[in-house]
Amino acid sequence: MIYSQQYTYDTREELLEKVQAAMSEKRFRHVLRVEKAAIDLAERYGESVEKASIAALTHDYAKERSDADFKKVIVEFGYDLDLLNWGNAIWHGLLGAKLVEKELKITDPDILRAIELHTTGAAEMSLLAKILYVADYIEAGRDFPGVEVAREIAEENLDDAVAFETQHTLEHLIAKRSPVYPKTLATYNRWVAKK
Ligand code: GDP
Ligand code: FE
Ligand code: FE
């Protein structure tokens, strides 16, 4: 795929090489499946296929970075120091977007925001952010109870798919007594409780 000029990389292959170098083969295959799901959703819901491709290929770019790396990013770029109390699950998207910007030179604000929000969602999400959030959940390699329903809903109504995913993620976190990041709760209030 040839990318248009505003996207830093001339071709998908050029970006793919950088992404592959940053992660295990297993995670790279997940990223490729998320890209496929994101492109399908982009075509269905009228988003740019290029933006969907770039956001999906880079969404887990930072997932294999050390905790020390993320702590450095929090301090160096002036993020809220409360973030130090969270972990990789929350850091890899929120802070990963900063590393994607700095290291991969991706500048599109909508793409960077979608990467930031891909794990937690948010009350306000762009079409691209919803697509990435849902694509990551329904990609063809996912195999958990309810994923088939999630895939069917995603073909019908993207907002309903955001709600379904958010409800099930929250149920999962609560069942494990895991801490819930405030943004995840805000996503629940907006998209599930429709407050
Ligand atoms: P992945 O990077 O492709 O594995 O997928 P995600 O980025 O969507 O999710 C990473 C992990 O974060 C998953 O195990 C989610 O259950 C978890 N997660 C999502 N929201 C929260 C939250 O509010 N708190 C915590 N502790 N974990 C969360
Ligand atoms: Fe992720
Ligand atoms: Fe992912």
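Hi everyone, let's start at the metal: the iron ion (ligand 2) is held by Asp-60 through OD and by His-92 and His-118 through NE2, at 2.1 to 2.2 Å. Please keep in mind that this is a predicted model.

If you look along the sequence, the donors of that iron ion (ligand 2) follow the spacing D-x31-H-x25-H.

Is Asp-60 buried or exposed? Its relative accessibility is 4%, so Asp-60 counts as buried. His-92 is buried too, with a relative accessible area of 3%.

Asp-60 also bridges two metals, the iron ion (ligand 2) and the iron ion (ligand 3), and these lie 3.5 Å apart.

Now over to ligand 1. Where does ligand 1 sit? You'll find ligand 1 in the largest pocket. It is surrounded by 16 residues, and the closest are Lys-63, Thr-119, Pro-179, Tyr-181 and Thr-184.

Let me point out some oxygen contacts. An oxygen atom of ligand 1 is 2.7 Å from a side-chain N or O atom of Lys-63, and for His-30 the corresponding distance to a side-chain N or O atom is 3.0 Å. With Tyr-181, a polar backbone atom is 2.8 Å from an oxygen atom of ligand 1. On its own, ligand 1 has 590 Å² of accessible area, and the protein covers 78% of that.

Finally, the helices: helix 5 and helix 10 (158–175) each supply at least two residues of the shell around ligand 1. Helix 5 gives the most, with three residues.

Conventions. Residues are numbered from 1 along each chain as its sequence is written. Chains are lettered from A and ligands numbered from 1 in the order in which they are written. This is a predicted model: local features need pLDDT of at least 70, side-chain atom pairs count only at pLDDT 80 or more; totals for chains, interfaces and linings use all residues. Side-chain values use heavy atoms; hydrogens and water are left out. Donors are N, O and S atoms within 2.8 Å of the metal (3.2 Å for Na, K and Ca); water is not among the atoms, so sites may look incomplete. Buried means under 20% relative accessible area, exposed over 50%, partly exposed in between (1.4 Å probe, protein chains only). A residue is near a molecule or strand if one of its heavy atoms lies within 4 Å of it. A polar contact is a pair of N or O atoms within 3.5 Å; within protein, one must be able to donate a hydrogen and the other to accept it, and residues adjacent in sequence count only if both atoms are side-chain atoms. Accessible areas come from the Shrake-Rupley method with a 1.4 Å probe; for residues, only the protein chains shown count as cover. On a 1 Å grid over the protein atoms alone, a cavity is a set of points where a 1.4 Å probe fits but cannot get out, and a pocket is an open set with protein on both sides within 12 Å along at least five of seven lines; lining residues have an atom within 4 Å of a point. A molecule sits in a cavity or pocket if more than half of its atoms lie within 2 Å of its grid points. Helices (H or I, at least four residues) and strands (E, at least two) are DSSP runs, numbered from the N terminus.
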